Amino acid sequence: MLMVSVVVPVYDEAEVLDQFHARLSATMNAIGVDWEVIYVNDGSRDRSLDIMRALHARDAHVAMLNLSRNFGKEIALTAGLDRAAGDAVVVIDADLQDPPELIPQLVEVWATGVDVVYAQRRGRSGESWLKRQTAFAFYRVMRRLTKIDIPPDTGDFRLMSRRAVDALLQLREHHRFMKGLFAWVGFSTRAVPYIREARAAGSSKWDYWKLWNFALEGITSFSVLPLKVATYLGLGIALLSGLYAVYLVISTLIHGNPVPGYPSLLVAILFMGSTQLIVLGIIGEYLGRSFNELKHRPLYFVESYVPPASSASAVSQVLHDLRAAG
C-alpha cells in the first residue's frame, strides 16, 4: 500500500495543535492510504512538546521529533523531511491557515504522475493590507531576481513525490530558503488553488523584521544580482564624477575659479560615504553566508525522536539510517 508522510514544523503552537491533529487525522484516514505525521518541535517554549507526546500516545500514526533548540522553521522542516518515509510527503504548518482538508486534492493530482503539487493562495483571510501587499511584492521580486521559477503566492504547503524529496535532501546548505529549494530541484509541478484562512488560534511568529531578513535570505541564496547592482552603481557614480570633473574644468576656464560652496561639498561626501557603506553591506551579506557554509556544521541536533507505532516506523528508521550513512 502507498504511504503518505506529513511533516509539520511546530514552534509554540500549543493553542491549536490538538485541533490541527483532529482535522489532519480525519482527512488522512478518509484518503485510504497508509500514513504518518512527523511533528518537529523546533524549541517551543509553551506546552507544544507535551501535546505532541500526548498525540503520540493515543495515535499510532504520530512521530515526534524534538530538536535540541530552536533552529528556525526552514531547518526544522528539513529535519522532518529527513525522517519522512512516505512515497509522497506533504509539508504543512500547524496554524490551520493551510487547511488539511486540501491534502486529498494534492494526493489526487500526485496520482496522475506529478512530482510536486503545491497549494497556491487565491486569497489571504485575516491578514492586513500591508502584509498582503508585501507578500505580493516579494514573490514578484523573487521571480525577477532569480533564474528559477518560484511560483507566486505559494508557501511551503505542498506534496512532493519520493524522488523529489530525495533530490531536495541532497541540498544541505545552512542558509535555507525552502521555497527556492523546492523550485530549484525541478521535476513536474502543478498548482492547486485555495483560500488561505486566518489563524485558528495564537499569533504569527513572523514580524516585519523577520520577514525582511527572510526576504534577504531568499535573494542572497538564489541571486547575485545585488552584487552586480553594486558594481553598476559604482560605475555609474564614476561616470557622473567624470562628467562633473569635465564640467568643473570648462566652468573654470570660462568663469574663473570661484570658491565652491560648503553644502554641495558635504552632500557629495555624504553621498559617496553612504554608497560605499551600502556596497560593503551587500558584500558582507554574501561573505557572511559563505563563512557560515564553510564551517560545515550539522544542520541540526536531535534531542529525541519517537517513531510512529504503526508499521511505517521501521521503514522510516531504515531510510533515515541509510541517508545518514550516505
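Biologist: Where does A54 lie?
Modeller: This is a predicted model: local features need pLDDT of at least 70, side-chain atom pairs count only at pLDDT 80 or more, and totals for chains, interfaces and linings use all residues. Residues are numbered from 1 along each chain as its sequence is written, and side-chain values use heavy atoms, with hydrogens and water left out. Helices are DSSP runs (H or I, at least four residues), as are strands (E, at least two), and both are numbered from the N terminus. A54 lies in helix α2.

Biologist: Is A54 buried, partly exposed or exposed?
Modeller: Buried means under 20% relative accessible area, exposed means over 50%, and partly exposed is in between (1.4 Å probe, protein chains only). A54 has 35% relative accessibility, so A54 counts as partly exposed.

Biologist: How far apart are the C-alpha atoms of A54 and D18?
Modeller: Along the chain, A54 and D18 are 36 residues apart.

Biologist: At what angle do the axes of α1 and α2 cross?
Modeller: Axes are lines fitted to C-alpha atoms, for helices over the stretch in contact, and angles run from 0 to 180 degrees between N-to-C directions. Helix α1 covers residues 17-31 and helix α2 covers residues 48-58. Their axes come within 10 Å. The crossing angle is roughly 30°.

Biologist: Are α1 and α2 roughly parallel or roughly antiparallel to each other?
Modeller: Angles under 35 degrees count as roughly parallel, over 145 as roughly antiparallel, 65 to 115 as roughly perpendicular and the rest as oblique. The axes of α1 and α2 cross at roughly 30°. Therefore the two helices α1 and α2 are roughly parallel.

Biologist: Which residues of α2 meet α1?
Modeller: Contact means heavy atoms within 4.5 Å. From α1 come L17, D18 and H21. Their partners in α2 are S48, I51, M52, L55 and R58.

Biologist: How many charged residues does the contact of α1 with α2 have?
Modeller: Ala, Val, Leu, Ile, Met, Phe, Trp, Tyr, Cys and Pro count as nonpolar, Asp, Glu, Lys and Arg as charged, and the others, Gly among them, as polar. The contact of α1 with α2 has four nonpolar and two polar residues. Its charged residues number two.

Biologist: Is the crossing of α1 and α4 left-handed or right-handed?
Modeller: The axes of α1 and α4 come within 10 Å and cross at roughly 35°. A crossing is left-handed if the near helix is turned anticlockwise from the far one by less than a right angle, and right-handed if clockwise. Where α1 passes α4, the crossing is right-handed.

Biologist: How many nonpolar residues does the contact of α1 with α4 have?
Modeller: L24, T27, M28 and I31 in α1 meet I103, P104 and V107 in α4. By class, one residue is polar and none is charged. The nonpolar count is six.

Biologist: Which residues does L49 contact, beyond neighbours within four places in sequence?
Modeller: L49 lies in helix α2. Its relative accessible area is 16%, so L49 is buried. Its contacts are N41, M64 and N66.

Biologist: What is the C-alpha distance between I92 and V7?
Modeller: I92 is found in the loop between β4 and α4, and is buried, with a relative accessible area of 1%. Among its contacts beyond four places in sequence are V6, V7, F20 and F157. I92 and V7 are 85 residues apart in sequence. Their C-alpha distance is 6.5 Å.

Biologist: What is the phi of L96?
Modeller: L96 is found in the loop between β4 (88-91) and α4. L96 is buried, at 1% relative accessible area. L96 is not a glycine, yet its phi is positive, about 70°.

Biologist: Which residue's side chain makes a polar contact with that of D115?
Modeller: D115 has its place in the loop between α4 (103-110) and β5 (116-124). D115 is buried, with a relative accessible area of 5%. A polar contact is a pair of N or O atoms within 3.5 Å; within protein, one must be able to donate a hydrogen and the other to accept it, and residues adjacent in sequence count only if both atoms are side-chain atoms. At 2.6 Å, the partner of D115 is S161.

Biologist: How many residues of helix α3 are buried?
Modeller: Helix α3 spans residues 73-83 and is mostly covered. Its buried residues include E74, D82 and R83.
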